[in-house]
Amino acid sequence: MSERVAGVVVTHGPDPALDRCLTALAPQVDELVVVANPPAPNVSARLIVNDRARGFAANANRGIASTSAPVVVVANPDAVRLLLEFAESNPRAGVIGPRLEFPDGRWQPSRRSFPTIRGTIVRRTPLRSFLHPETRQRDHYLLYERPAEPVQADWMLAAFLLLRRDMLDELGGFDEGYRLYGEDIDLCYRAARSDWERWYVPQATVRHEHAAVTDRRFLTRQTLWHWRSIARFVRKHPERLRNI
């Protein structure tokens, strides 16, 4: 039987959840690859270890290139079967994401609207401390919607996405110019412009520990990466500036 779905797990260092992730994912995919920044983990899957630390987009692309199945899951793992069934019945669904939950079971707002300049400034500067975008920017985080059935989305967090290879080939994969943050928004935005659908399928549920470093501290290396990603997105897609 030909391979239907590949799983690509990206890890950036020692991760106690990796074994659980692979155990959950392995029975649900036909190919399973772990792409790791050094040091190399001990895993029960095909392993690709970088010679130096690389960003999420570069690692994801390297794992995708090492597989051949027509559908690829870039993981954090789980819920592959439900997402695959949805992909097979919706041929223009290029990006499909599950419902994400925090480790304690709380809903995580992973389906979001494309960002605006005004909203981004609030979220990524000290204004966040007293304007509280996580509760006030309801249109960005879609806080008023918790759908129980599949709905289309602008973009979803790359913590767990099922991606159609035809779409990836057409778009050229993730943009490796993003060191960290923004590569998921950019991919979904380019998919939208090429008439690929992006779907949120809440029947599939994935537990995701969202580190959210840039939500808690402003003067960090991750903050710099985030602002570089914002600048890159604006340079690539200046038409988004009209959506202030």
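How many salt bridges does the rule count in this structure? I took a salt bridge to be a side-chain nitrogen of Lys or Arg within 4 Å of a carboxyl oxygen of Asp or Glu, and by this rule the count came to 12 salt bridges.

**Basis.** I noted that this is a predicted model, in which local features need pLDDT of at least 70 and side-chain atom pairs count only at pLDDT 80 or more, while totals for chains, interfaces and linings use all residues. Residues are numbered from 1 along each chain as its sequence is written, and side-chain values use heavy atoms, with hydrogens and water left out.

**Overview.** I looked up the secondary structure and found 11 helices and 11 strands, where helices (H or I, at least four residues) and strands (E, at least two) are DSSP runs numbered from the N terminus. Of the 244 residues in the protein, 52% are buried; buried stands for under 20% relative accessible area, exposed for over 50%, and partly exposed for what lies in between (1.4 Å probe, protein chains only). With contact meaning heavy atoms within 4.5 Å, I read that residues 24 or more positions apart account for 74% of the contacts with a separation of 6 or more.

**Salt bridges around K236.** I turned to D175 and K236, whose side chains meet in a salt bridge at 2.9 Å, N to O. D175 lies in the loop between α8 (165-171) and α9 (183-193) and K236 in helix α11 (residues 221-236), so the pair ties together parts that are 61 residues apart in sequence. I then found that K236 also forms a salt bridge with D186, the closest N and O atoms being 2.9 Å apart. Because D186 is in helix α9 and K236 in helix α11, this pair ties together parts 50 residues apart in sequence. As for accessibility, D175 is buried at 14% and D186 is buried at 0%, whereas K236 is partly exposed at 32%. I recorded that D175, D186, R190, R232 and K236 are linked in a network of salt bridges.

**E31 and R46.** I next checked the salt bridge between the side chains of E31 and R46, at 3.9 Å, N to O. The pair links distant parts of the chain, with E31 in strand β2 and R46 in strand β3, 15 residues apart. E31 is buried, with a relative accessible area of 9%, while R46 is partly exposed, with 39%.

**N37.** Where does N37 lie? I placed N37 in the loop between β2 (31-36) and β3 (46-49), and its relative accessible area of 4% makes it buried. Leaving aside neighbours within four places in sequence, I listed T11, H12, N50, R52, A53, R54 and N59 as the residues in contact with N37.
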